[in-house]
Amino acid sequence: MTEADLEAEIGEFRTAFEKLLQEIQRSIVGLGELTQQVLVALLCGGHVLLEGVPGVGKTMLVRTLSHCLGLETKRVQFTPDLMPADILGAHVLVEEGGPHVEFSRGPVFTQVLLADEINRCTPKTQAALLEAMQERSVTIAGATHGLDELFFCIATQNPIEMEGTYPLPEAQLDRFFFKILVPSPDKEKLKEIARKTTGNANAVPQTILTSLELKRFQSLIREVPVPDLAEDYAASLIIASSPQSAESETVKEYVRYGASPRGMQSLILASKAIALLDGRFCCSTQDVARAALPALRHRLILNFQAEAEDVVTDDVINELVKDSEKRL
Amino acid sequence: MNRKDPIIHSLMDCRNALRRNAALDSAFPLLVYGVPAIACLSFAVNAQPEASFGLITTFIVLISIVCWLRTRSISLQQTAGVIDAEFALNDGVSSYLQFSEEDDRTLFLKLHITSVSKLFPKGIDWRPNEPEPRKLGILSLSMMLGLAAIFMKPIPGQPELLMKELLTEANRARLSNAGKALSSDKIRELAVSIEQFSKTASPVSRSDRTRIIEQVRNIQREINSSEAEFAGEFLGDLLSKSSAQSSVMNAISQALRKAQWRKASDLARSIDNSDAGELSGAEREILNALQKDDAQVKSGSNSDGGSEPKSEKLRKRLASLARQHSSDETRRVLDSMQDVRTALAEIADSSSSSSKGVRNKSESSNSTKTPSITAPKSARHTSPVQKAGAVNPFVAAGPGQSIAAIMDLQDTGLSTLFPVPPDQASFKQSNPVARAVVPFSKRELVKEYFERRSVGEARQMGGSND
């Protein structure tokens, strides 16, 4: 491959991304940045946790995305009585062709899994996704079953209703590449949503990318070089988020646990994708800063004092980003 | 590092410019305030110009070193960061700087380097702003002021200059000669000090001036004492050869020889003047002088013997008598003493008055200070006072005024008159009122004036009572 080929491929990637974004936005109103972040996570091979009140278009977004990508999509509605086997699958007795035990694949064996209201199921069931999300495989009765290479889990959760919910454990949260907050639409967007969804003519999204192209682009993103400056910046952000090593008084006061090395991976990978989407061949500190909020907001665990004072992780991360920029 | 690379080369230029600006920025406040401050401080402590110049040079060198060390921290990477920020390049130049060194470049790196090179094909033409001309101007002005302060001479009227002016060739010669003639170590020491002092081109420091004035005053006292002892010894010898030999005369003679002035004065008063027919003119004058020693004799530490404190009047009278009746040789010694005393008095008095002038000009100009006991001619130096606000002492005081007189304690032939408000009619030095100097020859007239005035007031009061 020559420089020209690579440049052409990058151009192709950017064009496909733009098209994808436009196609999704035909169906989804007012979630441009959010959609972009979901696509970045997808292109980086990470999973996404969407948090928003009911009815803001979380499920719609996922469905549209899977249509546009031409990927196999399955949805699991998480409830308190949902069992791990309901997600992963189980061995069942099959009479046909003589009675024998056969592994029946659960909905996790797909390319895009929509885990709707993931915090409604018990931790036992939540934990069933741990291996699937990290290893892209499932182990049942001692046998490991591989998932699709493009396995992409989009989970949603409602921040308001806390009764009968089980907050995701830190280990589970850490496995999400991005946590994206879905905002409530404003007046104009509400009107547009009403116009688009209350008529007979609903926009049917077109497939823009194939799974092969998606894999190619995922590989392309990983090749983007990271200069020392961006690496230093990302590392300093991760270190500064931990109260044990932080210099920031805010972190010391409100943060219980800082970001993990997975946070660093997410930051760098996301910044690579952002740089490439921006038409640059090298990521920068600005890219890292742009990726900081979605990549770190679910990895910083705040303490009780922060909750009591209505301090949210976004405030802490914004301060960290500012402090790290000053130190550069 | 590939210095031929136009981007790297221009980056180095930018770094140098940034360093220069940073050095100027950090040095500017230090130099602008520091150099004049050091110069003014040097001027205030009256340091030598060479020392001041050296101090300022050292300061500038130190500041330069500190600033230079500070600017060393500005690296090429930081310069690249500045340029990235300037052109909104998202670390483009910074990563170019890093990756341009790598030999094994990936396609992405090659693409990145190519893209940055395309942005700056002839190198980065951006340079930081040149230092503001205003800043440079202020800095130059500050330096010039500093240098001017170093070489600034004390303004006329300052003690240092007066001290130098006072050390005229004549004074120096007189002091030196007198020192040799009188064989006094202190005078010699002073002569040497003054000789050294006169050779220096710079003004003396305040501490030197104080020391010299103190030295001068000590020698004045010593000369006064020596003159009195010398005169006493001569007159004692004269009385011992008197035709009217008596135990009292012998005792007076001994007392004079031993410089026991009070004893001599007391003995002289005990002699009945009607019995002095046998005495010669000179002896009678000596007795008269001792009898008229009506000045207050200060209490001494050893009142019974030795060179007890004596009145200046008696000393002068005895010296005058000794000069009248002595031989040429004795007269020459006395003259040389008088000569050196006059020179010292000029120096000490003028120096002290100038010192006062520096401390408080208004106080000095209106001063009612009684001239120093060691400065008999001091009142003659009050000429500025004579000009302004002079009052004719023979004209009655105006309404709300009274006349106060300061009599010279040393018979200098001068007294001062000045009108003051009634509530301030005192001899306090702090009365800041104009005064006039009246020659001693008119002293009697002044006395008469007061007597007439007091009599007149008494009459008026008596009249009103009637």
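Residues are numbered from 1 along each chain as its sequence is written, while chains are lettered from A in the order in which they are written. The model is predicted, with local features needing pLDDT of at least 70 and side-chain atom pairs counting only at pLDDT 80 or more, though totals for chains, interfaces and linings use all residues.

Let's start where the chains touch. The contact takes 17 residues from chain A and 15 residues from chain B; two residues are in contact if their C-beta atoms, placed from the backbone, lie within 7 Å. H5(B) gives the largest share of chain B's side, eight residues.

Next, a pair of helices in chain B. The axes of H3(B) and H4(B) come within 7 Å and cross at roughly 150°; axes are lines fitted to C-alpha atoms, for helices over the stretch in contact, and angles run from 0 to 180 degrees between N-to-C directions. On the H3(B) side, B:Leu76 and B:Ala80 are among the residues that meet H4(B), whose own residues there include B:Val93 and B:Leu97.

| Helix | Residues |
|---|---|
| H3(B) | 76-87 |
| H4(B) | 92-99 |
| H5(B) | 107-119 |
| H15(B) | 328-359 |

Finally, B:Leu344 sits in H15(B). B:Leu344 counts as buried (20 or more other C-beta atoms within 10 Å of its own, C-beta atoms being placed from the backbone), because 26 other C-beta atoms lie within 10 Å. B:Leu344 touches B:Val216, B:Ile219 and B:Gln220, leaving aside residues up to four places away in sequence. B:Ile219 is 125 residues from B:Leu344 in sequence, yet their C-alpha atoms are 8.1 Å apart in space.

Note on methods
Helix = DSSP H or I, 4+ residues; strand = E, 2+ residues; numbered from the N terminus. Buried ≥ 20, exposed ≤ 12 C-beta atoms within 10 Å, placed from the backbone.
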